[in-house]
Amino acid sequence: MTPNDAFLDTLRAAVGATHVLTEADLRASYETDWTRRWRGEALAVVRPSTTDEVIAVLLACGAAGVAVIPQGGNTGLVGGSVPRAVADRAQVVVSTLRLRTLEPVDALAGEVTVGAGVTLAALQAHLRSSGFAFGVDLGARDSATIGGMVATNAGGIHVLRHGPTRAQLLGLEAVLADGSVVRRLPGMAKDNTGYHLPSLLAGSEGTLGVITRAHLRLVPARPRRAVGLLGLGEVADAVSLAGELRRTMSELAAAELFFDAGMELVLRHAGADRPFRDRHAAYLLLEADADSDPTDRLAGAVAGVPSVADAVIASDETGRSRLWSLRERHTEAISAEGVAHKLDVAVPLARLAEFIARVPPLVEATAPGSTTYLYGHVCDGNMHVGIIGPAPDDEAVDDAVLRLTIEMGGTVSAEHGIGAAKVGWLEADRGSADVAAMRAIKRALDPSWMMNPGVLLRERPGHPDP
């Protein structure tokens with residue numbers, strides 16, 4: 001029996017033989033990220049269903065010197081939840097998809113505890129009859145898991161009102177590299193007893209431990225919704241209007257910005273018709289929600305605005321979904337064109353229109369003949385940049401856009417994380433002192449760099465501790 005055989009037998013004893021996947025065809029979907037730009041080979045995919053099983057898996061990996069790649073729904077876009085293509089040790093993907101516990105809603109406190117493998121859509125369905133909602137929503141809701149959202153501090157479409165996932169997190173349970181369990185459940189809204197470890201683990205991208213449960217703050221559900229799509233002649237006008245509505249319209253729940261090239265692509269792939277006869281420089285999608293129908297409030301807020309050239313508002317489910325699809329289907333439509341370079345950045349809102357104007361010519365100068373699509377969450381200054389053309393391993397356009405982002409006072413990762421894609425840009429964004437503090441935390445909690453090596457922080461070649 002080889003050492004690998006003995007190690008795999010230990011994993012099978014921990015989680016059951018059917019949940020240790022070693023055949024290549026069974027591992028394949030866990031080994032490639034959503035963009036198809038990052039992929040690697042795992043010795044096995046392990047699917048624990050309890051915290052005790054996660055403990056056993058991490059102890060076995062530690063004893064064998066095997067790296068652990070935590071993975072939720074594998075909807076990431078920066079290579080942070082798949083094995084590294086080049087690794088100096090064996091890697092095991094630890095999938096949290098079987099950690100699916102949904103505890104009863106605490107209606108008095110407006111809170112709930114859920115397993116890390118619960119999808120966002122499943123959580124939303126669980127809350128539907130409770131009078132509460134979860135404050136974060138995003139297009140990948142059917143696949144994205146709560147554990148993955150916590151690990152990446154996911155943002156999405158409602159950050160302008162509720163903040164990112166970290167802002168919803170009251171407590172959690174996580175297994176660290178040595179098998180010890182950090183547990184603060186249920187977690188109090190007011191808790192000043194030392195370091196807030198849930199906030200530390202949120203956004204750590206699986207580099208400090210495996211999140212197994214999360215205790216979440218909920219928000220009152222607002223059951224009535226209206227969605228509007230506006231066509232505007234100037235990008236700056238769209239940004240200005242979104243900012244004004246955020247200040248003056250309490251019902252505003254989402255404000256999304258996209259452009260004609262992206263909408264044309266979505267319509268072509270969907271076989272759908274344009275919402276307006278004329279083309280416009282920018283499209284602003286707005287969602288309002290309230291206890292009573294907010295349609296008139298939304299219509300009144302945009303009526304008579306000189307910069308609005310076209311508008312349509314829908315309050316019925318079919319109409320709302322049709323308008324939202326014009327924004328939410330950007331990612332899949334771009335991916336259908338080929339292996340895309342997908343960047344997720346944010347710049348100060350005052351410079352967002354300038355950034356949008358500068359990116360396409362910058363991409364063309366860096367990689368002539370490429371096609372650039374921009375879309376994103378306007379009130380957060382957050383733009384997604386999708387580029388079709390350069391080879392998957394050609395980082396020139398990525399570097400050009402990220403360099404511009406930093407020059408403009410922005411961040412190279414607004415909501416997708418650093419992953420493996422942007423490791424080289426972390427210090428340029430955060431500074432050497434911040435990165436040194438991160439490394440110190442990593443050394444303290446994972447001295448052998450077993451947890452997701454090569455993600456977020458760069459390993460020094462040949463040495464486990466940078």
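Here are a few friendly notes on this predicted model, point by point.

1. The largest nonpolar core has 53 residues, and Leu257, Leu286, Phe355 and Val378 are the ones with the most contacts inside it. Helix α8, covering residues 235–248, gives the most to this core, with six residues. Apart from it lies another core, this one of 50 residues, including Phe7, Val114, Ala116 and Leu216.

2. Setting aside neighbours within four places in sequence, Phe355 is in contact with Val345, Val347, Leu374, Met383, Val385, Val401, Leu404, Thr405 and Met408. As background, in soluble globular proteins nonpolar side chains tend to be buried together.

3. Next, the surface. Tyr195, Leu197, Leu200 and Ile441 make a nonpolar patch of about 410 Å². Ile441 belongs to helix α16, residues 432–445. Is Ile441 buried, partly exposed or exposed? Its relative accessible area is 33%, so Ile441 counts as partly exposed, since that class runs between under 20% for buried and over 50% for exposed.

4. Which backbone oxygen does the side chain of Gln168 reach? That of His162, at 2.9 Å. Beyond its neighbours within four places in sequence, Gln168 is in contact with Phe134, Gly135, Val136, His162, Gly163, His215, Leu216 and Arg217. Leu216 in that list is also one of the residues of the 50-residue core.

Methods: Residues numbered from 1 in each chain as written. Predicted model: local features only at pLDDT ≥ 70, side-chain atom pairs only at ≥ 80, totals over all residues. Heavy atoms only, no water. Core = buried A, V, L, I, M, F, W, Y, C linked by side-chain atoms within 4.5 Å. Buried < 20%, exposed > 50% of the residue type's maximum accessible area, 1.4 Å probe, protein only. Helix = DSSP H or I, 4+ residues; strand = E, 2+ residues; numbered from the N terminus. Contact = heavy atoms within 4.5 Å. Patch = residues over 30% accessible without salt bridge, like charges linked within 9 Å, V, L, I, M, F, W, Y side chains within 5 Å. Areas by Shrake-Rupley, 256 points an atom, 1.4 Å probe, with all protein chains shown as cover. Salt bridge = Lys/Arg side-chain N within 4 Å of Asp/Glu carboxyl O. Polar contact = N/O pair within 3.5 Å; in protein donor to acceptor, adjacent residues only side chain to side chain.
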